[in-house]
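Subject: Structure handover

Hi there,

Here is the structure I promised to pass on to you.

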Amino acid sequence: MSSSSRKRDGVPLTDDKQPGKVVVLQPMKATSKGTSGFRRRFLVSVAAVSLIFSVWILSTSKRNPHLQASQFASLSVRYAICSANERGGLHISSSVVTVGSIYTGDEHRFAKEQGFTQCVGVDHGLITHAGAEEDVIPNFCGQIDETTSSGSAHNQQWRRPRSNKAARLGRQLNSKKDGALRRKRKCDVRRLKKGQTLFPGFHDAHGHILDYGWSCTVANLVGSTSVQDVIDRLENYIRSQPHLLEIALAEPTPTAANASSTPWIEGIGWDQTKWTPSEFPTATDLDRSPLLRRFPIVLRRVDVHALWLNEKGIDLVVLGARGFPSSPKEDRNVEGGLVVRDANGKPTGILIDNAMNFAYQVVPEWTDVQRKIFLDAATEGLLRVGITAVGDASTDLQAAAFYKRMDAHGQLRFRIYSMLACPPDERRCAHRIEQITPSSKDSGKSSSMFTLRAVKLFDDGALGSWGSAMWDEYSDKPGERGLLLIPQHELPSLVEYWMERGWQVCTHAIGDRANTLTLDAYERYLRLHPHVDRQSLRPRVEHAQLMKPSDIDRFASLGVIASMQPTHCTSDMGYAESRIGQTRAAHGAYAWKSLLAANASLALGSDFPVELPDPLHGIYSSITRLDPAGNSPHGPGGWFPNERLTRREALRGFTQDAAYAQFEEHIAGRISVGRRADFTLLDRNILDEVHVSPSMLRSAQVDATFVGGKVGFDRLAAAKLTSTHRAGSSLAERLVQRIDYLGKYAYALTSGPSFNSTSAIWAALFFGVLFFLLRSGKQEPYQSMSCLALNAPSPTTAWMNMGFWTPQLAGSQLDFPLACQTLAQQLYAAAGVKPGLKVLDVGCGAGQSTLYLLDKYRPEVLHAVTSLPEEAAFASERLQHRLQQGDGKAGQTTQVRVWAQDVLEWLRSEEGGGEKYDVILALDCAFHFSDRAEYIRLATKRLTAAGRLGFVDLLSAYPAPSATPSENVVLGKPPYPSRAPSLVQRLKHSFTCALASTKPANLWPVDRYFDVLRHDGGFQAQAIQMRDITADVFPGFARFLRSFATEGAAWRGGGWAMRKGLGAFSNVVQGWSEEGGLVRMFIVVAQRDGAKERV
């Protein structure tokens, strides 16, 4: 603040006569009475006594196991993992087999235990021990130092116990509460929790890593039910991206019309087989939306074998792609691809298989910066589902170089086995790149995570787009037999080219013709080279979905690996029989069991992002041939159930057989000595068919993922957990820890399976005390909560609203500021905010919205009002700093002032010199006003002749609008309640409104809101615009709040109580977004003396 600054009631002030200076003219006046102080002190005293009593009562209760921290915090490079300790168990005779909870995959050595064992030892990323605990622990930990005189087990090493009883006593001695045994650093033993089961690390034999990461950043069209659903999702995606929304809402100009400067809108996941009618869409379908017409659009089909472009997109391809066929006659030159055309010969916007390369010439290529973003996104998703290694099934030259650099810098957190994909016009590119393989002498110890020794060939297209090459025509498309992407005469020589150079050949083949021709090419090479070591070749067929029965036996005899994706079967089974007929579907379609019966090797994967990458979903599909809901075209028994796999067969496909397909069967795929310490820890034993049903298998959770002995993902780990605790602490520290535990205990009681009447009483007591503690004072709604707590991470912003969310934004708490800014942009666009206006920002809080208005629109006058003195001071300092920067843009001619005062008092007293405003904005705050109708009357008087009031406001869903009062009122989802809420619903609603610091009466129904604007504000019906944005706000905001209820969530202030309170409030917000919810969110704009465009 300047030297002329002074303070009034503790609020910084500046001289309002100096231009460009921010002025807080009047602080909010205190309204509390003398008696309220005694009341607050009394309530706080009662709350404190109750809380201490609750701590004492619950201090002796058994800790909920769901609250225990991970046992893998601060893991050393040398450690052992052992099965859960069965405390208090009887002596087990040596004749009785103790199975253990570590599945090794070695069913020969551990035949009696059916592949299970009790302990595994790890040293610097390699498995050094595996077996029964009584054998592993003594050998792993060594002998007790007999010279140690202290007798402390903490200072001793292990020796072999003399009996099972001694072993049990020794294990229990001085053991930690989370099951971790500590002796010396060299003997770091961690125990699994009850139910947890350790498996060899999951391998996905066929996925697309960078494409998966990319798919997390573009429009998600998976599960779309119609063309209109796709349009709605694309519009929501544009609204979620401020830079795209700005382009969409800008006035058309020659510059804006320049397609080269307009970014492409991309998406993935549409599937016309799920629509009615199940026909390919067209470019004109997308152009039905005015919002989408501004952009070139390219959308990948769910199988990534077809593209759908809009008119602007296909025009850019026609004009800019080399070799694009100018007429149907030239389509024959598109080898292995198809340009779909209408009856007049015009491209419809659908490009299939090799024709997609025309679009890829025009769409901007990825940079390494983008690749790093995509890799990071994919890494988090893959480790979270237990994947330790991936066969990257189409690595182009640039991606291969990128992976190599990332591996050299130690930035790969899971193993990548790449299949090289040459450029579209160059199928022979071995001279352009060198193979990268682990050293034969130290491959197990190598820190390298990247291997490049395979090549990917594409022989045909996909079933969903009628592109898979078939011997006979499609049943639902007579005359069509699919596409061969490689000419039949060229495939054998192409296979020979790569095999002679030592590359493993992995050929994409889905249709039965493509599979036959691929096997023929492999067989020809082996016939011409009879002395070649077939184990050094291991050719693969990627997908192998549809085969002639006679070709199934050829896989084993030729040593060909079938690389298949079980979820493709359960995704395709709804239309497969209508597409290829019942006979072909019954004999050779997704024939997993038949291949195993013929002694073929079966490597399993998912083909992500075509399918979800979760191996548990793949195992479920392979053992049931049912969809996630337990259905199939043939009923609950599964679709052609004779091809189902057993659980162990399926698991082997995702571990041992996938490792074999990558030449790594000697160092991966099992838990045995000398192999990599790559593990996947599940919360249950998915091989237990008695206690774990198929649906329970599918819903199993990955508790931890280990790659090279390091924990890559740990579901139970809290932020910065340590494996040791101080021996003692102060009374105050212990009390704080105890209170924190009490809160966690109460939370677990209300969310766990053991919830009963007793726990309900204690939970009610705790939350009641918490409620009184938070509500005992006459505070403003947000006075006790710092906006900085929600705006994480740096650079710090100070937004405080519910945000305008999409699935992309709601996926991470780090997107909260962007969601808030997007909501503000939605309001400003609807209210017609533009440079040079006079703007009043009501409820500005910490000033982030005011700062954004200053930077973005440079108003002539920018005034802001908030009832929070501290926030007003903070806002004024930030604005003052921005004005003093003098960057020549923002604020040079803007009069900026901030007031700390109740907005109704501010309007009544005609503060701000009685200024008239072009726009008065209330962003997500008007429902807190003591009298919104009075606010509308007073604010209208402060508008210019054509001024506008703008709100983002909460409304009541009941009673539903009797009839749409104006064509400018747009209602949204979910459906409005058709009947009055019950007494319980009303009480719950009143309570949640109290928590939100608003009165239920402040939430007006749509009809009343519209009528008040007309009668109290004097606005014409056609000048009132109302748009329901409930579906764009509440679901995402609820997911964001829920993220704070998890351990380790980023949190800058408020402590445990506030964090859990916000997490609990997420359920309330989620309920608002569902059918029957009583609260809606609207953008409302009302203009004096004229009508504006639709919101």
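This is a predicted model: local features need pLDDT of at least 70, side-chain atom pairs count only at pLDDT 80 or more; totals for chains, interfaces and linings use all residues.

**The chain as a whole**

The chain has 1095 residues, and 55% of them are buried. Its secondary structure comes to 35 helices and 35 strands. If we take the contacts between residues at least 6 apart in sequence, 73% join residues at least 24 apart.

**The disulfides**

How many disulfides does a search of the whole structure find? The search gives three. With the bonded cysteines numbered in sequence order, they pair 1-2, 3-4, 5-6. I will take them in that order.

Cys 82 is joined to Cys 119, with an S to S distance of 2.0 Å. The link is right-handed, with 120 degrees about the S-S bond. Distant parts of the chain are linked here: Cys 82 sits in strand 3 (residues 78–82) and Cys 119 in strand 6 (residues 119–123), 37 residues apart. Cys 82 and Cys 119 are both buried.

Next comes the disulfide between Cys 141 and Cys 187, where the S to S distance is 1.8 Å. The torsion about its S-S bond is about 60 degrees, so this disulfide is right-handed. Cys 141 belongs to helix 2 (residues 133–141), whereas Cys 187 is in the loop between strand 8 (180–182) and strand 9 (188–191), so the pair ties together parts that are 46 residues apart in sequence. Cys 141 is buried, and Cys 187 is buried too.

The sulfur atoms of Cys 422 and Cys 429 lie 1.9 Å apart and form a disulfide. Is this link left-handed or right-handed? With -80 degrees about the S-S bond, the link of Cys 422 and Cys 429 is left-handed. Cys 422 has a relative accessibility of 17% and therefore counts as buried, while Cys 429 is buried at a relative accessible area of 0%.

**Two further cysteines**

Cys 925 is buried, with 8% relative accessible area. Cys 216, by contrast, counts as partly exposed, because its relative accessibility is 39%.

**A helix pair to look at**

Do have a look at helix 13 (residues 491–500) and helix 14 (residues 512–528), which pack with their axes 9 Å apart and at an angle of about 50 degrees.

Which residues make the contact? Helix 13 contributes Leu 491, Pro 492, Val 495, Glu 496, Met 499 and Glu 500. From helix 14 come Leu 517, Thr 518, Ala 521, Tyr 522, Arg 524 and Tyr 525. By type, the residues of this contact between helix 13 and helix 14 divide into eight nonpolar, one polar and three charged.

That is my list for now; I would be glad to hear your thoughts.

Best wishes

Conventions. Residues are numbered from 1 along each chain as its sequence is written. Side-chain values use heavy atoms; hydrogens and water are left out. Axes are lines fitted to C-alpha atoms, for helices over the stretch in contact, and angles run from 0 to 180 degrees between N-to-C directions. Helices (H or I, at least four residues) and strands (E, at least two) are DSSP runs, numbered from the N terminus. Contact means heavy atoms within 4.5 Å. Ala, Val, Leu, Ile, Met, Phe, Trp, Tyr, Cys and Pro count as nonpolar, Asp, Glu, Lys and Arg as charged, and the others, Gly among them, as polar. A disulfide is a pair of cysteine sulfur atoms within 2.5 Å. Buried means under 20% relative accessible area, exposed over 50%, partly exposed in between (1.4 Å probe, protein chains only).
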